[in-house]
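This report concerns a single protein model. Please consult the sequence and the coordinates shown here alongside the text.

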Amino acid sequence: MRKLLLLLLLQCTMLGAQTRIRDVYAAAPDSVFPLLTGNNRLDQIDFRENNMKAEVKNKFEDHAELLVLSDRYLRLRLSGRHLVEMRLLSDSTFCMVETFSAPAPDSRVRLFDTAWHELPQGIDRPSVDEFLGEDIDVDIRLALHALPLIKASLSEDDDSLTFELQTGELTRQQRMSLEGRVHKICRRLR
């Protein structure tokens with residue numbers, strides 16, 4: 001009888017538990033974070049939750065650090081050129097943004113369920129023209145269309161996603177002519 005009560009209590013506790021992004025990160029398949037082992041990820045969570053620097057060595061002996069960890073948001077630097085952000089949108093879905101810098105940042109945005117199945121509905125990247133006003137020089141516009149690098153960032157505080165057009169591939173003069181004329185695009189995820 002005691003075992004039955006204990007089992008019922010455990011099940012009720014588990015049903016009432018809310019999903020946290022730390023649990024999603026800990027349960028990630030190795031194929032999602034091939035540079036880190038499962039133990040690396042668990043160590044990072046443990047370090048962060050104990051107010052320590054959450055840095056481990058990845059499989060290439062580079063440093064990987066869990067920079068921010070809250071109940072719904074996580075920011076992880078996998079290497080000097082690879083940043084990952086994750087934001088829990090509900091108890092069953094989350095958004096993941098991977099940004100690669102080589103050297104200008106470019107991001108990939110995906111939605112998953114908490115069992116790490118990628119969801120078919122994605123988040124479309126804005127077009128280059130959505131960032132620019134109509135008075136932008138044609139040569140600059142064509143250069144940006146030729147190599148559209150767009151950085152995406154999740155908010156730590158709410159379910160929003162911000163896109164920024166990267167202009168690092170332009171000449172210094174072209175970048176100066178764009179100053180103050182390229183705007184960010186913010187989208188709500190729910």
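The sections below treat confidence, the sheet, its hairpins and the nonpolar cores.

## Model and confidence

The model is predicted. Its pLDDT averages 90 over the protein, and 91% of the residues score at least 70. Residues 1–16 have a pLDDT below 50, and this stretch makes zero contacts in the model beyond near neighbours in sequence. Where pLDDT is low, predicted coordinates should not be read in detail.

An open sheet is built from six strands in the order 1-2-3-4-5-6, with antiparallel pairing. From one strand to the next, the twist averages 20°.

Helix 3 (residues 38–49) packs on this sheet and touches strand 1, strand 2 and strand 3. The direction of helix 3 makes about 45° with that of strand 2.

## Strand 2 and its partners

Strand 2 (residues 63–69) is mostly covered, five of its seven residues being buried. Strand 2 pairs with strand 1 in the antiparallel sense over three bridges, and Lys57 stands opposite His63 of strand 2. The hairpin of strand 1 and strand 2 has five residues between the strands, and in this hairpin Glu61 adopts a positive phi near 65°.

Strand 2 also pairs with strand 3 (residues 73–79), again in the antiparallel sense, over four bridges. Here Glu65 stands opposite Arg77 in strand 3. These two strands form a hairpin with three residues between them.

## Nonpolar cores

The largest nonpolar core comprises 25 residues. Cys95, Val109, Ile123, Leu144, Leu161 and Phe163 are those with the most contacts inside this core. At least two core residues are supplied by each of strand 5 (93–101), strand 6, helix 4 (128–131), helix 5 (138–146), strand 7 (150–154) and strand 8 (160–165).

Which residues does Val109 contact, leaving aside its neighbours within four places in sequence? Val109 is in contact with Cys95, Met96, Val97, Ile123, Ala152, Leu161 and Phe163.

Methods:
Residues are numbered from 1 along each chain as its sequence is written. This is a predicted model: local features need pLDDT of at least 70, side-chain atom pairs count only at pLDDT 80 or more; totals for chains, interfaces and linings use all residues. Side-chain values use heavy atoms; hydrogens and water are left out. Two strands pair if DSSP finds at least two bridges between them. Axes are lines fitted to C-alpha atoms, for helices over the stretch in contact, and angles run from 0 to 180 degrees between N-to-C directions. Contact means heavy atoms within 4.5 Å. pLDDT is the predictor's confidence in each residue, from 0 to 100. Buried means under 20% relative accessible area, exposed over 50%, partly exposed in between (1.4 Å probe, protein chains only). A nonpolar core is a set of buried Ala, Val, Leu, Ile, Met, Phe, Trp, Tyr and Cys residues joined through side-chain atoms within 4.5 Å.
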